[in-house]
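I opened a new page for this model. I wanted notes on its fold and on how its chains meet.

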Amino acid sequence: MSKITQKKLIEQIKELKNIKPRSEWVVLAKSQIFSEKPVEVIIKNPVRKISIFDVITSINLQKKLAYSFATLTFIFVGLVGFAQHTMPGDLLFPVRRITENSQAALTGQTGLKQNVANLNNRINDLALASKEGRKNNIPSAISEINVQVSELTKDLKNSLINDSVAVKEIVVSLKTLADVPGTDLSESPEVKELYKTIAENQIADLEETTLTEEQTETLVEIKDLYEQEKYIDALEKILMINN
Amino acid sequence: MDSLNEQFSHIYDQYIEKIYRFVYLKVNSQETAEDITSKVFMRGWESYQKKADEIKNPSAFLYQIARNAVVDYYRERGRTNIVSSEVLPEITDHGEDIQNKAILNADISIVKTAIQKLEKEHQDIIIWHYLEDMPISHIAELLGRPAGTIRVMLHRGLKELKGMIQEN
């Protein structure tokens, strides 16, 4: 290194500020510090020699722990597997819901897509319950659907991006819902609110889009239907424009 | 206890990087620096639990523990002098972490190595003043010396450092 001025030297010294600890070590070290027992703890048992009996006992204990763990794992897997066939109102249904959400998280599904998928699952549950005459499950299935519908409405209201694919899926799902015999959720406040939100979003989107003359006329009709609170009819016309 | 936890947790967050850097520049090994820094904060936490009210300057408190910890480390390795230019090549860590190597270019590496060859107090003063932006008055308090002496030692340390770098 050629002659160096004091100023340059100080600059180079200050470059050493770039030396930093690993962030994962920082977190680990902190957790270790605060997991240490308080200094007042007195060690009562003095160190003693380890005998062969201790080793055998230790091995037996490890075996017991291993078997216990394996048993618990089998029970857990069995429960999760059995839970896949449950539906709203059954005791193990919450396990199935947790599994659905975990799978969604692992596959990277967003909140909106996840809620659409959940809605479809709940509608299928209701259809199956209705078909098999499982009267005890129907009220719970309806309740779950209303919850999903409310979640979707919230997602759509909060979403900055208009996901037209998701919206189309929701509309199709709601049509399927309307076809389930013995249940009519189209007049439920939650479903009406969802229809209204979708219609609002779609109308706002269409107003920003360049439309043909025919499409512009259809948009006027859509707005009329919206004003009359005929949201399902408005959505059907919206789907015609979007196709 | 929760309040002490929170206080020391805040102190940890504030000083972990500084203490690590201080130790690393003295031992030139990521693994060793992590080990020693952990011990510094463990001991710091033990003391803090017993006498939190008496610790008015956490910075001075931790740096003192760090200095002692580094001394203990070298003592365990069978050294009495912390730095000796004959000994230094042996303690260079050939497994120096890739991250820091990438960050430090060749010139800066020379400066780092030269700092390690400095006399202990010159080393400490340069690290504290230029890397940790510690004012001369704080350093003086830490070392229990007058501020004027610290300024002189800082100047001498820089001169020594400059000489070593230019020799290379």
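I count two residues as in contact if their C-beta atoms, placed from the backbone, lie within 7 Å. I keep in mind that this is a predicted model.

Entry one, chain A. I looked up the secondary structure and found 10 helices and zero strands in chain A. Read from the N terminus, the elements run α-α-α-α-α-α-α-α-α-α. I then checked burial. Of the 243 residues in chain A, 21% are buried. I also looked at contacts in chain A between residues at least 6 apart in sequence. Of these, 62% join residues at least 24 apart.

Entry two, the interface. I found 26 residues of chain A in contact with 33 residues of chain B. On the chain B side, I noted which helices supply at least two residues each: H1 (2-27), H2 (30-51), H5 (98-103), H6 (106-117), H7 (120-131) and H9 (147-167). I sorted that side of chain B by class and got 19 nonpolar, six polar and eight charged residues.

I picked helix H1 of chain A, residues 6-15, and its packing on H7(B). Their axes lie 9 Å apart, at an angle of about 85°. Angles of 65 to 115 degrees count as roughly perpendicular, so H1(A) and H7(B) are roughly perpendicular to each other.

Which residues meet in this pair? From H1(A) I listed Ile10(A), Ile13(A) and Lys14(A); from H7(B), Ile126(B), Tyr130(B) and Leu131(B). By class, the contact of H1(A) with H7(B) has five nonpolar residues, no polar and one charged.

Note on methods: Residues are numbered from 1 along each chain as its sequence is written. Chains are lettered from A and ligands numbered from 1 in the order in which they are written. This is a predicted model: local features need pLDDT of at least 70, side-chain atom pairs count only at pLDDT 80 or more; totals for chains, interfaces and linings use all residues. Helices (H or I, at least four residues) and strands (E, at least two) are DSSP runs, numbered from the N terminus. A residue is buried if 20 or more other C-beta atoms lie within 10 Å of its own, exposed if 12 or fewer, and partly exposed in between; C-beta atoms are placed from the backbone. Ala, Val, Leu, Ile, Met, Phe, Trp, Tyr, Cys and Pro count as nonpolar, Asp, Glu, Lys and Arg as charged, and the others, Gly among them, as polar. Axes are lines fitted to C-alpha atoms, for helices over the stretch in contact, and angles run from 0 to 180 degrees between N-to-C directions. Angles under 35 degrees count as roughly parallel, over 145 as roughly antiparallel, 65 to 115 as roughly perpendicular and the rest as oblique.
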